[in-house]
Amino acid sequence: MATVADQFIQVLRQAGVRRIYGVVGDSLNPIVDAVRRTGGDIEWVHVRNEEAGAFAAAAEAQTTGRLAVCAGSCGPGNTHLIQGLYDAHRSGAPVLALASQIPSTQIGSGYFQETHPERLFTECSHYCELINGPGQMPRILRTAIQHAVGLGGVAVLALSGDVASQDAENPTGEHDFLVRKGIVKPPADQVDQLAHALNRARKPMLFCGSGVQNAHSEVMQLAHKLLSPIGHALRGKEWIQYNNPFDVGMSGLLGYGACYEAMQEADLVLMLGTDFPYDPFLPGRHTIQVDDDPAKLGRRTPLTLAVHGDVGETLRLVMDKVEQKHDRSYLDEMLRRHTRALEGVVSAYTRDIEKHVPIHPEYVADVLDDLAADDAIFTVDTGMCNVWVARYITPNGRRRVMGSFVHGSMANALPHAIGAQYGAPGRQVVSVSGDGGLGMLLGELLTVRLHRIPVKIILFNNASLGMVRLEMMVDGLPSYETDHEAVDYAAIAQAAGIEAARVERPADVRDAMAAALAAPGPYLLDVVTDPNALSIPPHITPQQVKGFALAAGKTVLTGGVGKMLDLARSNLRNIPRP
């Protein structure tokens with residue numbers, strides 16, 4: 001007779017799940033044993049902290065587009081999941097979390113390790129329920145899976161170990177899970193209004209987010225018709241910046257170039273598939289937004305028109321209604337400003353590259369961009385690593401960049417890399433880690449070693465919390481408790497059985513990077529970088545300027561922008577004129 005645990009695993013197999021990330025033990029034992037008895041159809045990936053398991057599941061889901069699963073035992077085991085689940089949910093990654101529970105007869109008694117997962121995880125999930133008896137299976141599990149996959153995000157099920165051990169009451173049967181969602185088609189009148197607004201605009205500007213993932217050609221076609229500059233949010237970079245002669249950079253706290261200026265001077269800003277959260281960077285007027293999630297329309301800025309539809313489908317429907325523009329003065333001016341803006345800051349990293357010690361982090365990122373595979377997956381820690389990846393990793397339509405871009409959690413890069421590597425075993429996966437992030441979940445080096453996961457860890461080791469330093473400076477405060485004693489992480493990795501090297505001289509970076517990326521197994525490259533290499537946003541307030549003046553001193557405030565300058569010059573030179 002199959003148990004509830006057996007049935008649970010059978011349903012996961014039907015949903016295409018291939019592994020569960022977690023830490024075994026206690027109330028999870030019936031589930032773990034059911035995994036063992038599958039004979040390898042589903043594997044258990046033992047991590048050192050359940051938080052890392054949730055991050056890994058999030059990255060696997062984003063890499064494959066399929067459901068990924070993590071688990072935590074009762075009490076502290078599943079409460080560790082919460083950071084990674086917030087990240088997965090806010091990133092729209094379809095993840096199912098099993099939050100194991102204390103014995104069902106003890107719930108409500110203040111029992112050892114008692115928590116209430118069905119309450120705890122409601123804010124970071126679309127669906128969160130307790131299975132309190134065999135009769136609820138398999139329907140409730142399938143319902144949870146459909147929420148995660150259908151809505152894009154997290155579903156959580158709480159399950160007591162004693163319930164998992166009971167005999168199943170209902171047959172498992174077969175079930176067809178939704179794996180491909182329909183495309184949202186905008187109402188015809190909204191398409192007509194959009195066309196009318198675009199035709200009236202003299203200086204339209206497109207601002208793109210991750211929602212343009214499958215609409216690159218449509219966005220380019222529209223920009224050609226409108227002669228409009230294109231800016232992007234961080235999550236839109238990988239999908240829109242490549243093969244883009246209209247690029248004016250990125251807006252936001254990590255932004256660069258002329259995106260902010262183009263948006264402020266436009267007489268119409270068309271936001272495409274972006275839920276850009278930093279409203280001070282938005283013009284607050286003459287804005288149209290297109291999104292397939294109606295809840296996101298207008299929640300960041302007032303709109304003159306809200307269009308509910310998939311970006312690609314909307315642009316295909318409106319394209320024939322949009323008239324070809326001929327005045328390119330606004331576009332050319334923004335491209336010139338974009339190029340000048342990049343030229344003004346690129347010297348921060350080009351000056352004394354081969355001599356500057358500690359090493360410029362911009363230089364390390366630039367070399368990584370040169371040497372990494374054309375289809376590499378980069379996972380990036382929150383903080384200054386986000387800046388260097390945003391400014392130096394060149395998208396090409398095949399590379400992926402993942403991070404905790406919405407939740408903003410530290411320590412995500414390495415566990416994200418673990419999940420991404422499982423999701424794409426044939427691709428190069430690079431964890432762009434900061435020493436602050438790596439140190440926080442340092443135990444996941446042991447996970448990498450245990451499972452022989454061939455991730456490449458490029459560590460920007462500045463013995464500092466660089467982004468926190470910057471935040472203090474913006475407020476006019478001297479940095480405090482942001483700098484720490486230097487740590488030789490290469491030695492730690494080697495002690496754990498992972499091949500590693502430490503680089504302190506810039507002349508050694510390229511050869512060391514090439515060796516790291518070519519290694520057949522996991523590798524950690526510990527690069528000692530300059531803690532004073534920081535970067536300011538493309539737009540700061542007078543109060544923030546005052547803060548920098550009070551706190552900056554000799555600190556470098558203008559991180560370079562690498563190949564973005566070459567791209568800008570090429571775009572300015574090569575756009576065909578009518």
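Q: Does D279 count as buried, partly exposed or exposed, and at what relative accessibility?
A: In this predicted model, D279 sits in the loop that links β11 (268-272) and β12 (287-291). Buried would require under 20% relative accessible area and exposed over 50%. The value for D279 is 45%, so the residue counts as partly exposed.

Q: How far apart in space are D279 and R299, C-alpha to C-alpha?
A: D279 belongs to the loop between β11 and β12. Along the sequence, R299 is 20 residues away from D279. In space, their C-alpha to C-alpha distance is 9.5 Å.

Q: Which strands stand at the edges of the open sheet of six strands?
A: The pairing in this sheet is parallel, and the strand order is β2-β1-β3-β4-β6-β5. A strand with a single partner has one side left without a neighbour in the sheet, so the edge strands are β2 (43-46) and β5 (127-131).

Q: Which residue in β4 stands opposite V69?
A: Strand β3 (residues 68-72) and strand β4 (residues 95-101) run parallel and are joined by five bridges. In β4, the residue opposite V69 is L96.

Q: What angle does the direction of helix α5 make with that of β6?
A: Helix α5 (residues 82-91) packs on the sheet and touches β3, β4 and β6. Its direction and that of β6 make an angle of about 145 degrees.

Q: At what angle to β2 does helix α2 run?
A: Helix α2 (residues 29-36) lies across β1 (19-22), β2, β4 and β6 (154-160). Of these strands, β2 is an edge strand of the sheet. Helix α2 runs to β2 at about 125 degrees.

Notes. Residues are numbered from 1 along each chain as its sequence is written. This is a predicted model: local features need pLDDT of at least 70, side-chain atom pairs count only at pLDDT 80 or more; totals for chains, interfaces and linings use all residues. Side-chain values use heavy atoms; hydrogens and water are left out. Two strands pair if DSSP finds at least two bridges between them. Helices (H or I, at least four residues) and strands (E, at least two) are DSSP runs, numbered from the N terminus. Contact means heavy atoms within 4.5 Å. Axes are lines fitted to C-alpha atoms, for helices over the stretch in contact, and angles run from 0 to 180 degrees between N-to-C directions. Buried means under 20% relative accessible area, exposed over 50%, partly exposed in between (1.4 Å probe, protein chains only).
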